[in-house]
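This report describes selected side-chain contacts in one protein structure. The structure is shown first, and the contacts are then taken up by kind.

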Amino acid sequence: MWGEGAGRLGERSRQGNVAGFITVFRISPAPFPLPTVSPSASVPGPLPPPTLSLGSQYPVYYQGEHVNLSCSAPRGEAVTGYRFYRRRGDQTPEQLPSPSEAARLELRAETGNQGPYSCQYWRNEAGQEIPSAESNKVYITVQAPPTAPTLSLHPPHPLYLPGERVTLRCSAPRDDKLQGYRFYGEQERLIHDEVSAPAGGAGLEIVAEMGKAGLYSCAYWTLRSGRHIPSERSRPVSLSVQAPPAAPSLSLSPPHPVYLPGESVTLTCSPPRGAPVAAGFQFSRDGGRKISSGSSDVHALSITGPEDSGSYTCVYWIRPSGRKIQSPGSHPVSITVTAPPPAPRLSLDPPYTVYLPGERLNLSCSAPGAQEVTGYRFYKRPLGQSSDELPSPQGTRLEILAAVGDEGPYTCQYWSRESGRELPSGLSQPIAIRVTAPPPAPRLSLDPPNTVYLPGERLSLSCSAPGAQEVTGYRFYKRPPEQSSEELPSPQGGPRLEILAAVGDEGPYTCQYWSRESGRELPSELSQLVAIRMTERPPAPRLALAPPHPVYIPGERVTLRCSAPRSEGVAGYRFYRQRGGLIADGVPEPTGGARLELRAETGSAGLYVCMYWTLHAGREVPSEESRPVSVPVTDFPRKPSVSLSPDYPVYVAGDRVEINCSAPPGASPVQYGLYESGEPPGSLTGDAGTWRMDLQANGTRNATRSFSCAYMELIQEREVPSYASDPVSVSVLPAPAAPSLRLIPPLPLHMTGETVTAECIVPAGPFIPRAHWVLRDGEALREQPGLRLPMNVTPSDSGTYRCGYSTELHGRHLRSPPSDPVPLSVTDPPPQPALSVDPPSGVVSEGLPLLITCMAPGDASERRFHFYKNGPEIVPGDTGSEISTTEPSTGSMNFSVLSILRAGPSNTGEFSCGYEVNMNGRWIPSHRSQALNVTVTAWSLPVPLVAGCGGAAAALALLLLLIPLCRKKKAATHRLSTSYWKSQELRRSRIMRRSTDISGVNDIDPTYSQVTFSCSTFRQGQELSASLEHVCSTPDL
């Protein structure tokens, strides 16, 4: 029971702040229940009670203060431990937890901790616990703390960013005894004491951080009863710290370490995965210079030059709770615009061409100019061939220990590091390092490599360095050096030593060589030993010729026969030409000996010898040479010369040429031969050395033919052909082609005085015309350089025309064939017509008719008349005139009448006429008639009367005019169809009716008609006089 009570008291002591008062009372001791023991056990009496006291005696404790309870046993009492109790009403006292069971217990003043409190002690005796009696009671009065202050945040944002400064402002109610303020963080952790108490409250400035976010509160304390009494805590305020969005990443596309001017790069600002949606982006350069800002996360940069080099960053921002929160800047991305560094130069030190194993040499890599170099790399083989990078120190030199296999080639490059990127230069020129071991032993050989040698033979000791050794000199020895070898004289230290075999030269020989590089001599090892042995030669054989001519000509076959004195032991034969060396081995003959067949040539003439050989100790031992025999060869006769007559550089098809073959002086030809392109032409005829031929062209192309000749000369009763002459080329061109003639203009008939141009058209070809000529009826006109000949023609120029042209060909004057004939017809203009006017005086009163007649002389099948006033032609219809014509098939026409029914002032002027005649399909104009003046005068008669009189007069005049014309043209006049005449009469009647309706004559335009009357026309006129009928006879209808 005591334990349970004590546990509940401890739980209450750990509760939170509760308002209330605690009053401390001292109560006299009173007994309290003791532990129950077994009835059979002897129970000693309780120990004397202890004394319970307070460490600080205050009438009132404020909630939260510390209270110390001290339990003191009577003097002299042995104590094993102490217990403290709290009683609640009539309940059994509960024991308070006291871990150390010491004499002191510290409590925190709380409303639930009010007394009364008591204590006891105990001790162990003989294994039993003997408790003391209960101590006096102590009461604790707990009072509520001062009123809580007010806590606020400044500035009052809903959230803060790390790094922002925030002020916690704590304001207490007015109290004169206010001593200070305290600020608390999460879990009531005291974070700050403000000893002074400003009048307006205390402020605590903190820097917003993610670890400082949470609930904050504050309190103050006052001085009461000489004690610092804390107030209640303020209502907590929440400090929300919003971390800025994580920094974005800035990437380049394409991600080159270096960019060149003209390239484009895209900068992309990417928020991290899971970041809030960005409201905008900003790109900056070189530490903050803004280059773009907006909603796009991409910025396209066009690189123009080194000025675009720099460090680029980006940020983005979000807007939570209405605040713009910007992310930290991305990691900077460097853009470098530069040209690739130029290649360095690689050099060797010492600069030997070859090195021995173990030698040290340095590779030096030198960057050109003032390049800023970060480091160097050395490679063994070019980069493009899987090169191996060599470990190199920080400097520009690489030390190598020469060894076989490290020949290289070697290259180097340098680099500069910008913004953590490596900019490599181009590779240097390759350098090969040759490392050679000490020269190996040479090989000594004999030339010829015989097992035995003959006295007098020349043999060569050849000292051959293995491989492609560069040798400076050689040395030869007879016997090895360790056996007191004798060095033999070697001219200029060459690799060959010639020895004339003789008795005493037998023995072992050896050699060595040396090379001198960079001023050093590198001797080789000694070669192997070579022994020289001697023997005698066999006797000389006999040599003969077949057939035995005193002279041979090129191409003849000659047989050389060689015979040894004894056939025993002969292994073979060889034939030689003195001062020419070995020709060939002989072919064995069944009867013994050997033969060699030769083809006589000019260069094969000379002395020939032969020898045979036997085998001795495995070597061919040659005999002495035979006596020499001579094979004379004479050359072919000298070549002749060939010539052409006539000798032109170029010929034209149809030319005849003579080919002459002339033997050189002193030659005695017996026969000649001609060859075309190396073959004898079978169709050419010739006498002695002369041939004639007619040249022909190869179609329209140039033809080139090559001719040569030769002759036969009698030499030693043999006909020997000479060398062929130098060829002569005959170039044959097609003959100039005939031109074509064209007359401009191409009319079937021309008039006197017209200009006609004769144009000679030369076809395309190899010839360039120099001049042109024209023939008229076979008679040549003047030559001219141009293609056209203008002519002011007259009838005497009529005729047939041809043309041609002249050209030059390598100094030759050539004329083309004439063109096909072209006819030219020229005629004079028709004779001048006669112009008459009615009235003949040329003066007519206004309103009266006016007739102007144009009469052409002679007769023609077809004519066209034209009238002119004051120069220009009168166009039908322009002046109110009316012209009537008949078709050429209806009859001949030799006059035309210009009829002006009512003359007016506008008809005054100078009139003339002309006509055209159709000749061979061309209308030929005549000369104009003589001009007549017409004057129109004013007349006062009434218009109807004038018109009537004028019409009657005109009709009468027309009839009188037609009487002689009818007699003259009777035989040649053609019929007019009835329909045509009726149409003319109807037309004339309409004109007359229209004229009668006009009150005046001044506005009447003249009309003219071209009329042809036949005799039938007069019979249809009602007003014709009967006395005129005999003048015309009616033609057959």
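## Salt bridges and aromatic contacts

Glu 205 and Arg 165 join their side chains in a salt bridge, with an N to O distance of 3.2 Å. The term salt bridge denotes a side-chain nitrogen of Lys or Arg within 4 Å of a carboxyl oxygen of Asp or Glu. This pair links distant parts of the chain, 40 residues apart: Glu 205 belongs to strand E16 (residues 202–207) and Arg 165 to strand E13 (residues 165–171). Strands (E, at least two residues) are DSSP runs, numbered from the N terminus.

The model is a predicted one, in which local features need pLDDT of at least 70 and side-chain atom pairs count only at pLDDT 80 or more, while totals for chains, interfaces and linings use all residues. Residues are numbered from 1 along each chain as its sequence is written, and side-chain values use heavy atoms, with hydrogens and water left out.

Glu 205 is partly exposed at 48% relative accessibility, whereas Arg 165 is exposed, with a relative accessible area of 54%. In these terms, buried stands for under 20% relative accessible area, exposed for over 50%, and partly exposed for values in between (1.4 Å probe, protein chains only).

Side chains of opposite charge can pair when their charged atoms come close. The whole structure holds 31 salt bridges, and the table sets out three of them.

| Glu 205 | Arg 165 | 3.2 Å |

Asp 193 is partly exposed at 37%, and Arg 182 is partly exposed at 23%.

Glu 589 lies in the loop between strand E47 (587–588) and strand E48 (594–599), 28 residues from Arg 561 in strand E44 (residues 557–563). Glu 589 is buried at 16%, while Arg 561 is partly exposed at 36%. Elsewhere, a network of salt bridges links Glu 77, Arg 123 and Glu 125.

Because Tyr 474 lies in strand E37 (residues 473–478) and Tyr 513 in strand E40 (residues 507–517), the pair ties together parts that are 39 residues apart in sequence. Tyr 474 is buried at 12%, and Tyr 513 is buried at 0%.

Two contacts place a charge over a ring, defined by NZ of Lys or CZ of Arg within 6 Å of the ring centre and within 35 degrees of the ring normal. Arg 83 lies over the face of Trp 122, 3.8 Å from the ring centre, and the charged end of Arg 864 sits over the ring of Trp 923, 3.7 Å from its centre.

Note on methods
Helices (H or I, at least four residues) and strands (E, at least two) are DSSP runs, numbered from the N terminus.
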